[in-house]
Amino acid sequence: MPGTPLPDAEQLLKALTDQMRPEVGPETGLIGIHTGGVWLAERLHRDLNLKVPLGTLDVSFYRDDYEKIGLHRDVKTSDIPFEVEGRHLILVDDVLYTGRTIRAAMNELFDYGRPASIRLAALVDRGGRELPVAARFLGAAVTVAPGRSIELKRDSDGRLSLALSGDEHVA
Amino acid sequence: MWLDPANPQLNKNGELHHLLSLEGLPAEILWQILDTAKSFVGVTQREVKKVPLLRGKAVFNLFFEPSTRTRTTFEIAAKRLSADVINLAINVSSQTKGESVLDTVANLSAMQADMFVVRHAASGAPHLIARHVAPDIHVINAGDGRHSHPTQGLLDMFTIRHYKKDFSSLRVAIVGDILHSRVARSQIHALTTLGCPEIRVIGPKTLLPSHVENLGVHVHHEMRKGLKDVDVVMMLRLQNERMQGPLLPSAQEFYKYYGLTEDKLALAKPDAIVLHPGPMNRGVEIDSSVADGRQSVILPQVTFGIAIRMAVMSILAGN
C-alpha cells in the first residue's frame, strides 16, 4: 500500500466550516473554483448559512499554461451573482499546490471589480508552492509524492472523498 | 506542423488548427466550440469584457470582399481576447497594384501575424492561404464565395441550442437563395453533424442547387408546406444582384412566395424561432413585423456571434 492514507474529506470540511464560522459576516461573498472548489463552496455556503448567493469561477481563460497546453477542453461558466466591488471575498479550492490557479482566480475576480479583501479556503495543502499564496482557512496539510495528484470526488449522495491519481503503480 | 491532408483544418492530434469549413469537422469539435462560447457569453456580460488569452498576439482581418458586420464582430472578439487587431480592406490596397493573394499573405506574415481572418469572394481562397502560411499561423474562414461561412453556421447552432436546448428532435427549415448561399451550406453541415433529424430547404427551383437532396435535406418549393410544424426557421439574405438577375421575376414576386410574413410563420410551431444572418432586406425575404416580432432571435444571433468567434480564436491559438 502506498504512503499514509488520505484524510477523510467530510471531516476536513467540517473542520474548515468551524474555522470559517467566526470569520464570515452577512456580506461575505463565497466563490468556489471549478470543479472541486464549487462542491466545497456549495456545502460551506449552506452550512455557514450565508445570505449572499454563491459565486463560481472557471479560471481557464486566465491560466498561465494556455500557451503550453491550449484551452481546457471542458470550460465551465464563471458566475458571480453579486457585486465584487468593495466586498470581502473568500475563494474556495479543493487542493492547494503551486498557487497558479489561485493567481488566475484573483486576476479574473479583479475583472469584476475591486474587492475589499480576498481570503483563501482550501481543503488540503500539498505544498510545492511556486507563487506567494497561502490559505487563511485549511482542512489539512498532506504529503504526496511528486508526479501524483490528489483529486476531490463526489459520489451520487453528495459525499466528498479524496483520491490519489498519477504515475505510481501499486504492485 | 503536420496537417491531415484529407482535412487540412486538423493537426496530427485531431485538434483544430484552422477553421475553414464545417464540412468534415467531427461533432466533438463542434460541441467543444459551442460549450466554450457559452462561457464567453458570461465574459461579455461583465464590467470588464476582456480576458487575457491572446495577449501579445496579432490578428489580421483580411477582407478581400467588403463586410461590416462580420469584420466588426471578429474585431470585437479578438479585442475581448486581448489580441492586437489589424484590419485590412485588401481591395483598396495592394491588390489594386497587382499583388497576388499569397504575396500579400507572405508580407503580412513577415509582420509577425499569429492569425488571419479571411473573407474572399472566391471559394477556396482561405484554404489556399492556409496551405501556404507558416505552421504556427492559424487561418479562419470568414466567408469564401459560395462555399462556406463556418462561424456564421456555428453562431446559428449556438442560437438554436440556446433556445431549443437539444437538436435531436428538431425540425429546421432553411428558406431562400440556397444556391448562392455559403451560410446555408454551413448550416446544413452543422445541423447534420449535431444530429438534427429533419432539415428542410425551401426556395424556388432556380435558387436551389441541383441534387441538394443528396445532402440529406427535404426539398420544398411551396413555403406554406415547408414551414408546417417546424421548430426553427432560418432565413437567408437575397443578394441584390439576384433581384435583377434572370433567376427571379422580381423582388416583389419573391416576397409574395418566399418572404416570411406573420401568416406564413403561423404554420410553424407556436414557439418556433426565426433566424437571419443579416443584413436583412425587409419586405423581400422577411416582413418587418416578423423581423421585430417576438419569435425573432436575429439580434441575439449578433451577440452570440462575438462569443462564438472568441471561442474559435482561443481554441485555435491554443492548439
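Let's call a residue buried when its relative accessible area is under 20%, exposed when that value is over 50%, and partly exposed in between, using a 1.4 Å probe and protein chains only. What you have here is a predicted model, so local features need pLDDT of at least 70 and side-chain atom pairs count only at pLDDT 80 or more, while totals for chains, interfaces and linings use all residues. Residues are numbered from 1 along each chain as its sequence is written, chains are lettered from A in the order in which they are written, and side-chain values use heavy atoms, with hydrogens and water left out.

Helices here are DSSP runs of H or I with at least four residues, strands are runs of E with at least two, and both are numbered from the N terminus. Just after the helix, N49(A) takes a positive phi of about 55°.

Now for the charges. Side chains of opposite charge can pair when their charged atoms come close. The rule for a salt bridge is a side-chain nitrogen of Lys or Arg within 4 Å of a carboxyl oxygen of Asp or Glu, and over all chains that gives 31 of them. One joins R119(A) to E23(A), at 3.4 Å from N to O. R119(A) sits in strand β4 (117–125) and E23(A) in the loop between α1 and β1, so this pair ties together parts of chain A that are 96 residues apart in sequence. E23(A) is partly exposed, at 33% relative accessible area.

K79(B) is partly exposed at 38%, whereas E75(B) counts as buried at 16%. Another salt bridge links K269(B) and D231(B), at 2.9 Å. Both residues lie in loops, K269(B) between α10 and β9 and D231(B) between α7 and β8, so the pair ties together parts that are 38 residues apart. Here K269(B) is partly exposed at 27% and D231(B) is buried at 7%.

That leaves the place where the chains meet. Counting contact as heavy atoms within 4.5 Å, 15 residues of chain A touch 23 residues of chain B. The two chains bury about 1600 Å² between them, 53% of it on carbon and sulfur atoms; buried area is the accessible area (1.4 Å probe) that two parts lose on being put together, summed over both. On the chain A side, F61(A), Y66(A) and R73(A) lose the most area, together 45% of what that side buries. Four salt bridges run between the chains, including E108(A) with R46(B) at 3.6 Å. Helix α3 (66–69) of chain A gives the largest share of the side that touches chain B, three residues.
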